[in-house]
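Here's a quick tour for anyone opening this structure for the first time. Take a look at the model, then work through the notes by topic.

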Amino acid sequence: MTADLMMAAAQGLLALFLAPGVVGLVRWLKARLQNRRGAPPWQPYRELRKLFQKEVVVSRHASWLFHLAPFVVFASTLAVAVIVPVLAVPLLVDRIGDLLVVVYLLLLGTFFLALAGLDPGSAFGGMGASREVTVAALAEPTLAVAIFALARSAGSTNLGEIAARTTADPLSAVSPGHLLAFAALFIVMLAETGRLPVDNPATHLELTMIHEAMVLEYSGRYLALIEWAAALKFLVFFILLGNLFVPWGLARALTLEAVMTAVGVFAVKVVVLAVAVAVLETRVAKLRLFRVPELLSASFVLALLAVTSSFLLR
Amino acid sequence: MLLFLKILKAGIVTEPLAPGEPDVIEVAREVETKARRLLGRAVAIREVDAGSCNGCEIEITGLTGPVYDSERFGIHFVASPRHADLLLVTGPVTRNMEIPLLKTYEATPDPKIVVAVGDCARTCGVFRGSYAVVGSVDAVIPVDVFVSGCPPEPTDILRGILTALDRLPKRKRRRDGT
């Protein structure tokens, strides 16, 4: 029981402190793919340290909501990081929340970020908020349905249970339901975490921004919290992709050996996904905003087919 | 696939920072040690065009490219003064840009650094005495470092920024100075 809770806390902290490094790794890989030297992968840690020590400038039009939002965004993302299976399954904390809780906690952060974008009344904040909500409204059902396809074949919406079932039945990992759901979730990951082709994380042009436009008014430690939460959300999607669809390597018992293996396998999964994202971002151009719904509805169709096939091919 | 073959063949094209003319960079006032230590290896830049002819902007754009790659020093450009640590100001300050420049300075959270780029930012250049021009950048906001040149080379701009942060290798600078 105690070991169980400690493991849960440890994997939450691991995700929290690993997250900026993963974003830094993707940036470094992208720099190398652009034939640049680039900043080292640990650059985001330096930026966070700097931001936490800087002054906070707040618009005089901002209300209490503006001050509250960074904490809600950070706390909700951290809660998701504790619930999702990072290193070991099944843990007691799995019972806190299932896939629906994960989906809607992520959406809670998005919702507050959109409100905070609207709050100071700047034109770009409002524009960013409206775009973010458009993307979220299209991406969120896909996310829920894609994981539901897994839940259907596992017979439970509990994330730890889903991972455990897939390990027990290795053939199910290559079933059409799983493969389609993986593709759907990958597209949702790109949309929800503000990656190309939906949003450009390195953009400076206000007219093309989605995530950046909402946080333009934030500075200092508020910005640090939001950036950290965004990095953590990125890693949470990696965890969902890596540990729900390819659950091998997860520790089934809390022995030192099993946990060390789990850490190693987890690192490999994260690096593979980071390389995939970096290569994809080098290869594709940003989609015109009006074509983003087409991409997202395609991913929804994939998710729907995944659920259908999981019903048909039982 | 061809794209990645090309990337592989080109390799890394970033050039090491070349030592330049020493009198291009003028330190107007020393940046506090505290600010230097805080911003040392992570600097967010907001570029403010206070009325330049865009010659300096073209050179500044070169900073983010693969050859000069400012990101290897932890220097990147941001879209909002609230995210910025350093203002890169170009051009003579025109009457229309005086208030926006002041507002941008006020919107930047402390500690902050101002680097004025180009001859115009320092002396107003050919626009001196025009009815549309308020004056040089330091007539409106306090400037830490001036980079002269019309326009200055990307290397000089990069060296100007690094001088403000006191991050130029000491050995190299002494060699330039003599």
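In chain B, strand 2 (residues 43–49) and strand 4 run parallel and are joined by five bridges. Keep in mind that this is a predicted model.

- Is strand 4 of chain B enclosed or open? Five of the five residues in strand 4 (residues 86–90) are buried, so the rest of the structure largely encloses this strand.
- The cover is on both faces of strand 4 of chain B: B:Leu86, B:Leu88 and B:Thr90 are buried on one side, and B:Leu87 and B:Val89 are buried on the other.

**Chain B as a whole**

- Chain B is built with seven helices and eight strands.
- Its radius of gyration is 17 Å, close to the 16 Å that the globule rule gives for 178 residues, so chain B is as compact as a globular protein of that length.
- Along the principal axes, the C-alpha atoms of chain B fill a box of roughly 55 × 40 × 30 Å.
- Of the 178 residues in chain B, 43% are buried.
- If you take the contacts in chain B between residues at least 6 apart in sequence, 85% of them join residues at least 24 apart.

**Where the two chains meet**

- Chain B puts 25 residues into the contact, and chain A puts in 28 residues.
- On the side of chain B that touches chain A, helix 1 (2–10) and helix 2 (33–39) of chain B each supply at least two residues.
- Helix 1 of chain B gives the largest share of that side, three residues.
- Sorted by class, the side of chain B that touches chain A has 14 nonpolar, five polar and six charged residues.

**Nonpolar cores**

- The largest nonpolar core has 102 residues, and among those with the most contacts inside it are A:Val22, A:Ala184 and A:Leu232.
- Helix 9 of chain A provides the largest share of this core, 20 residues.
- Setting aside neighbours within four places in sequence, A:Leu232 is in contact with A:Ala15, A:Leu16, A:Ala19, A:Thr77, A:Leu78 and A:Ala81.
- There's a second, separate core of 45 residues, which includes B:Phe77, B:Ala84, B:Leu88 and B:Val137.

**Helices of chain A**

- How many residues of helix 9 of chain A are buried? The count is 25 of the 26, so helix 9 is largely enclosed by the rest of the structure.
- The end C-alpha atoms of helix 9 of chain A are 38 Å apart, which agrees with the 38 Å its 26 residues should span at 1.5 Å a residue.
- Helix 7 (residues 176–192) of chain A has 17 residues and reaches 24 Å from its first C-alpha to its last, close to the 24 Å expected.
- Twelve of the 17 residues in helix 7 of chain A are buried, which leaves this helix mostly covered.
- That cover includes helix 5 (123–154), helix 9 (220–245) and helix 11 (292–312) of chain A.
- A:Ile83 sits in helix 3 (residues 64–83) of chain A, and it counts as buried because it has 25 C-beta neighbours inside 10 Å.
- Not counting residues up to four places away in sequence, A:Ile83 touches A:Val93, A:Ile96, A:Gly97, A:Val101, A:Val102 and A:Leu159.

**Backbone details**

- The peptide bond from A:Leu196 to A:Pro197 is cis, with omega near 0 degrees, and A:Pro197 is in the loop between helix 7 and helix 8 (211–214) of chain A.
- Another cis peptide bond joins B:Cys150 and B:Pro151, with omega about -10 degrees; B:Pro151 lies in the loop between strand 8 (145–147) and helix 6 (154–164) of chain B.
- A:Asn35 isn't a glycine, yet its phi is positive, near 60 degrees, and with 20 C-beta neighbours inside 10 Å it counts as buried.
- B:Asn54, also not a glycine, has a positive phi of about 80 degrees, and it is partly exposed, with 13 other C-beta atoms within 10 Å.

Definitions and conventions: Residues are numbered from 1 along each chain as its sequence is written. Chains are lettered from A and ligands numbered from 1 in the order in which they are written. This is a predicted model: local features need pLDDT of at least 70, side-chain atom pairs count only at pLDDT 80 or more; totals for chains, interfaces and linings use all residues. Helices (H or I, at least four residues) and strands (E, at least two) are DSSP runs, numbered from the N terminus. The expected span of a helix is 1.5 Å times one less than its number of residues. Two residues are in contact if their C-beta atoms, placed from the backbone, lie within 7 Å. Ala, Val, Leu, Ile, Met, Phe, Trp, Tyr, Cys and Pro count as nonpolar, Asp, Glu, Lys and Arg as charged, and the others, Gly among them, as polar. A nonpolar core is a set of buried Ala, Val, Leu, Ile, Met, Phe, Trp, Tyr and Cys residues joined through C-beta atoms within 7 Å. The radius of gyration is taken over C-alpha atoms; the globule rule is 2.2 Å times the number of residues to the power 0.38. Two strands pair if DSSP finds at least two bridges between them.
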